[in-house]
Structure formats: C-alpha cells, structure tokens
Amino acid sequence: MATSRTSGARGAARSGAGESAAAEPRRTGPLIVTEDLGLLDDLLRLCAAAGVEPEVHHRVPERRAGWTDPPLVLVGDDAAGRCRGAARRAGLVLVGRDRDDPGIWRLAVEIGAECVLRLPEAESLLVDRIADAAEGVGRQALAVGVVGGRGGAGASTLACGLALAAARTGRRTLLVDGDPLGGGLDVLLGGEREEGRRWPDFAASKGRLAGGALEESLPSVRGVRVLSWGREPTVPVPPEAVRSVLAAARRRGGVVVVDLPRGTDASAAEAVAQLDLGLLVVPGELRAVAAAHRVASTLSAGVRDLRAVVRGPYAAGLDERWVADALRLPLAGELPYDPGIVADQDAGVPPGAEPRGALGRFCDAFWARALAPGGAA
C-alpha cells in the first residue's frame, strides 16, 4: 500500500512508498486513489486551489477508516478496477480524461461512484466539490434581501432587526451591507470600532472564497457577523467579488441578510441573484407606493420571491393590505410604527435588539415562519 500527503505525493506515487497514515494527524482533504502521475498532478493542483491537503493511495486503503472517513474520495479511472469490492460510501467521484471510453460508466456503477467527472472540462466543478466536502457544506443559508420602496423607508433598520432576531435563535447569521452610500450597517449596530474586514478588503476577490475564513475575518456584533463598508472613501466592488463573497457566506448555512441599495448596478444585481426572498419596505403613503412600484418592477426580474413589508402610520384610507395589493405583491407583514427606535439608537441600542419592541416582535415572528421546516415568510 502506498500513501502520502500532498507535500510528498508525487514522490510517494513514483516510489510506491510513503509515510504511514497513523503517523500524521487527520486532515479534512479528500482521498485520492490513482497511479496515473499526470492525473495525480492535476488533482493535487485542484486540491491546492480548493485550499485543502489530500491523502494519496494507489489502491483502497487497508484500514477501513482510511476509505470511509475522508469527506470525499477521488478515484482515477486507472484505479477503478482496484476499488471493486470496497465498502460503499457517499462522496465517491470517478475522475478520468478519456472522453471515448464507454466502459468508464460501467466502472462507476461497479464501485458506487456518485458521478464521473472528466478533466479538464470539469476542473471548476471538481474544485467546488473538493472545497464543499472539506468545509462540511450542508444546506445553504437562507438569503433574505431588504430594500426600501423609497428613501428613508426603514430598510436598513429592518435588516438589522432581522439579523439580530436570527442570531437570537442561535443560527449562524451574517448581515451584509449592500449599499455603499448607506452610512454603514456596522454603525447602526454600534460595531464601527470592531476589528475585522470590510467590503474594500474583498474588492479583488475572484473565484471561490472559503466560507469559514470569510466568517472569521468579519467583525462580530451581538452574535452577528457584519460585512459593511468602513469609513474610508468608497472602493468599487465588482460583481465577481460580490458573487464570491455571498456564495461563500451562503455555503456556511444559517441566515444571510442583505441590505440592498435602491439602485441597480451590476454589483447590486449580483447580490439580488443570490437571494431566496426579497422584502420591499413600503411606508403607508401614496407617494411611497408610487416609488415602490418602480423598485418592485426592477427587482421582480431577479428575485424569485418578492414580498411587501408595509410600515405605518398610514395615510387616510390606506392599510397594509391595500398597499400590498396596489403593488401586486404578497404581504410579508405589517411593521408597526415604533417611535422608540430613534430613542434606542440615541442610547446606543441597535434597532431590533429589544425582542419585546415592535420591531423585535415582527422579526421574531418573521423567522418563526421562514425558518420552519418547509416554511416561507
């Protein structure tokens, strides 16, 4: 049996010898089974791109745990025959290069492979599979976007309240400031002095980011990880960076709340594309409804589920149902007018931090519906 880690995988593969697996601590990388040195080079490169260190064998490991414990097993098409009879397990991928080999599908069935991936065409997909397995990715986070039907509608206030309410349930929670001109959600939460990375630090991001590293790099305020803009002059964040950051955040599970700008540039459109649910905050007045119509028509093309949150007080003859019907949107709920929010903020209490307040009660009720099994807001 030959085994090695990435530091010496090529050498071990050539010599047919390597260090005992028991001599090294367990790693979260995949198990690679192949004697094809060219294929091994490619798989090691893809593991490095995913930020993990694999273990390499020429055949099924003698220890059963060496086969069943890794989060992912990558079997080269040259080694598939040697894997017949091994214990069936999830996360087994057969990797090959020969597009004209019809027997590869038969081999995949015989060893219980979930799929067959051919290089180089499937390199990007394989990097994602490797990284997902290493991170222990399960169900993606529920991503909720909040946007104002007009300026001053209270979207940022609601976004903060939703994030704090989600954190009270014990779920992993990330609050994303999607509006570079909004003044900073870290300030609204009272965390502007907290150490951590802000949007400008991710402006050059491309491709895949590690979800755990992203989470740990952000400021934490009252149990909520916050990605905001900081105080320096605004640095443009391109769409590909927004895509990388939000995709990494979602892979960690829990809840992601995005405070969206009312404008629709390419970066904002990328954020919208990541959402499961959008909440359009509309004050109960005719001019706000007219403005919200334009926002809703823009968002509806990108948000799969857009709903209205109607905020009092109301103009004569209006109520929450009338506003939602006028916008032709489902009603997510009525957000009662809460004059105490301004006083709380002056006292350093973030909006929604008090679960007995009107905003806190609304947000708790929202998550009780949205996070229930099979639930929707």
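Predicted model: local features only at pLDDT ≥ 70, side-chain atom pairs only at ≥ 80, totals over all residues.
**View 1**

View 2. Is strand E12 largely enclosed or left open by the rest of the structure? Seven of its seven residues are buried, so E12 is largely enclosed. The cover extends to both faces of the strand, with Leu277, Leu279, Val281 and Pro283 buried on one side, and Gly278, Leu280 and Val282 buried on the other.

View 3. Eight strands make up an open sheet with mixed pairing, and their order is E9-E10-E8-E11-E7-E12-E13-E14. Strand E9 (220-221) and strand E14 (331-335) are the edge strands, and because each has a single partner strand, one side of each is left without a neighbour in the sheet. Within the sheet, strand E7 (residues 142-148) pairs with strand E11 (residues 255-259) in the parallel sense, over five bridges, and the bridge partner of Gly145 in E11 is Val258. Helix H11 (residues 286-299) packs on this sheet, where it touches E7, strand E12 (277-283) and strand E13 (306-311), and its direction makes about 165° with that of E12.

**View 4. Helix H11 against helix H12.** The axes of H11 and helix H12 (residues 320-327) cross at roughly 30° and come within 10 Å, which means that H11 is roughly parallel to H12. The crossing of the two helices is right-handed. On the H11 side, Leu286, Val289, Ala292 and His293 meet Trp322, Val323, Ala326 and Leu327 of H12, so that, sorted by class, this contact holds seven nonpolar residues, one polar residue and no charged residues.

**View 5. Helix H2 against helix H5.** Helix H2 (residues 37-50) packs with helix H5 (residues 123-135) at an angle of about 60°, and their axes are 9 Å apart. The two helices are therefore oblique to each other, and their crossing is right-handed. H2 contributes Leu43, Arg45, Leu46, Cys47, Ala49 and Ala50 to the contact, while H5 contributes Glu123, Leu126, Val127, Ile130 and Ala131. Of the residues in this contact of H2 with H5, nine are nonpolar, none is polar and two are charged.

Terms used. Residues numbered from 1 in each chain as written. Heavy atoms only, no water. Pairing = 2+ DSSP bridges. Helix = DSSP H or I, 4+ residues; strand = E, 2+ residues; numbered from the N terminus. Contact = heavy atoms within 4.5 Å. Axes fitted to C-alpha atoms, helices over the stretch in contact; angles between N-to-C directions. Parallel < 35°, antiparallel > 145°, perpendicular 65-115°, else oblique. Left-handed = near helix turned anticlockwise from the far one by under 90°. Nonpolar A, V, L, I, M, F, W, Y, C, P; charged D, E, K, R; others polar. Buried < 20%, exposed > 50% of the residue type's maximum accessible area, 1.4 Å probe, protein only.
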